[in-house]
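Here are my notes on this model, point by point. Have the viewer open while you read.

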Amino acid sequence: MIENNLYKTIEELETIYPFLNVKIEIKKELPDIQYDSDRFQDYKIGDKLEIPLWIAEELEETGYGHIDTEEFKQDLFKTLNTEKIQEYNKLSRINNDIYKKIRFCLYLLSLNPDKKEELESMRSSFRKLINIRTGKIISFANSPDITTTLEKSIAEEEYNFLKMINNLTKKWKSVILGE
């Protein structure tokens, strides 16, 4: 059940990507654009705004803007570096939505063939972060009680993984011990 929740969370996230807001920098004067109740007008070159991805993609494809992924990259590298210096038996506190943000950034980068090198660099760093934290989470999953402090330090996806491993470990021990 927890495993299904983990996959469901990821699938739901991917379906809402087009509606998530992203930061975009205006690269050339925008014509007056009306969408629903919003109106894009009077933006000048260099202005930054936050708009739904589907609109930002259109503006980038037509040369009117550039989607900014810098904030996502900074979050990943800061989190990775913090985790690297953390002791092997401690998890640093991370933002609950870090995995969602990084997956979203990877998605954004994958849309642009010119960003292939940047995409691979981020994927590599993301894998490193996941590998470090997965090892620590597995060791915590072996404990009989998962503390509230630990729950507050980890992302939703990590918590689901922790519970899944914890339950699996309990079942395995029960079988091995004949209980």
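1. One term before anything else: a contact here means heavy atoms within 4.5 Å. With neighbours within four places in sequence left aside, Ile102 is in contact with Phe72, Leu76, Met122 and Phe126. Across the protein, 68% of the contacts with a separation of 6 or more come from residues 24 or more positions apart.

2. Some ground rules. This is a predicted model, with local features needing pLDDT of at least 70 and side-chain atom pairs counting only at pLDDT 80 or more, while totals for chains, interfaces and linings use all residues. Residues are numbered from 1 along each chain as its sequence is written, and side-chain values use heavy atoms, with hydrogens and water left out.

3. The overall layout. The secondary structure comes to 7 helices and 5 strands, taken as DSSP runs numbered from the N terminus (helices are H or I, at least four residues; strands are E, at least two). Starting at the N terminus, the order of elements is α-β-β-β-β-α-β-α-α-α-α-α. For accessibility, buried means under 20% relative accessible area, exposed means over 50%, and partly exposed is in between (1.4 Å probe, protein chains only). Of the 179 residues, 35% count as buried.

4. The cores. In general, nonpolar side chains in soluble globular proteins tend to be buried together. A nonpolar core is a set of buried Ala, Val, Leu, Ile, Met, Phe, Trp, Tyr and Cys residues joined through side-chain atoms within 4.5 Å. The largest one has 28 residues, and those touching the most other members are Val22, Ile24, Ile51, Ile67, Ile102, Leu108 and Met122. Two or more residues each come from strand 1 (21-26), strand 4 (48-52), helix 2 (53-61), helix 3, helix 4 and helix 5. Which element gives the most to this core? That is helix 4, with 8 residues. There is also a second, separate core of 8 residues, with Leu150, Ile154, Leu162 and Ile165 among them.

5. Helix 4 on its own. This helix has 13 residues and spans 18 Å from its first C-alpha to its last, close to the 18 Å expected at 1.5 Å a residue; the expected span is 1.5 Å times one less than the number of residues. Its buried residues are Ile98, Tyr99, Lys100, Ile102, Phe104, Cys105, Leu106, Leu108 and Leu109. Do look at Lys100, a lysine in that buried list.

6. Aromatic pairs. Rings of Phe, Tyr and Trp (its six-membered ring) pair if their centres lie within 6.5 Å; planes under 30 degrees apart count as stacked, over 60 as edge-to-face and the rest as tilted. The count comes to 2 pairs. Phe72 and Phe104 are edge-to-face, at 5.8 Å centre to centre with 80° between the planes. This pair links distant parts of the chain, with Phe72 in helix 3 (residues 70-85) and Phe104 in helix 4 (residues 98-110), 32 residues apart. Both Phe72 and Phe104 are buried. Why is the pair of Tyr99 and Phe126 tilted? Their ring centres are 5.7 Å apart and the planes stand at 45°, so the pair falls in that class. It also links distant parts of the chain: Tyr99 is in helix 4 and Phe126 in helix 5 (residues 116-141), 27 residues apart. Tyr99 counts as buried at 8% relative accessibility, and Phe126 counts as buried at 8% too.

7. A charge over a ring. The criterion is NZ of Lys or CZ of Arg within 6 Å of the ring centre and within 35 degrees of the ring normal. The charged end of Lys28 sits over the ring of Tyr64, 4.7 Å from its centre.

8. Salt bridges. With a side-chain nitrogen of Lys or Arg required within 4 Å of a carboxyl oxygen of Asp or Glu, the count comes to 13. Glu120 and Arg123 meet at 2.9 Å, N to O; both lie in helix 5, 3 residues apart, about one turn of the helix. Glu120 is partly exposed at 36%, and Arg123 is partly exposed at 30%. Lys90 and Glu87 form another bridge at 3.8 Å, with Lys90 partly exposed at 40% and Glu87 partly exposed at 46%.

9. A salt-bridge network. Glu70, Lys73, Lys115 and Glu118 are linked in one. Within this group, Glu118 and Lys115 meet at 3.6 Å, N to O. Is Lys115 buried or exposed? Lys115 is buried, with a relative accessible area of 18%, whereas Glu118 is partly exposed at 21%.
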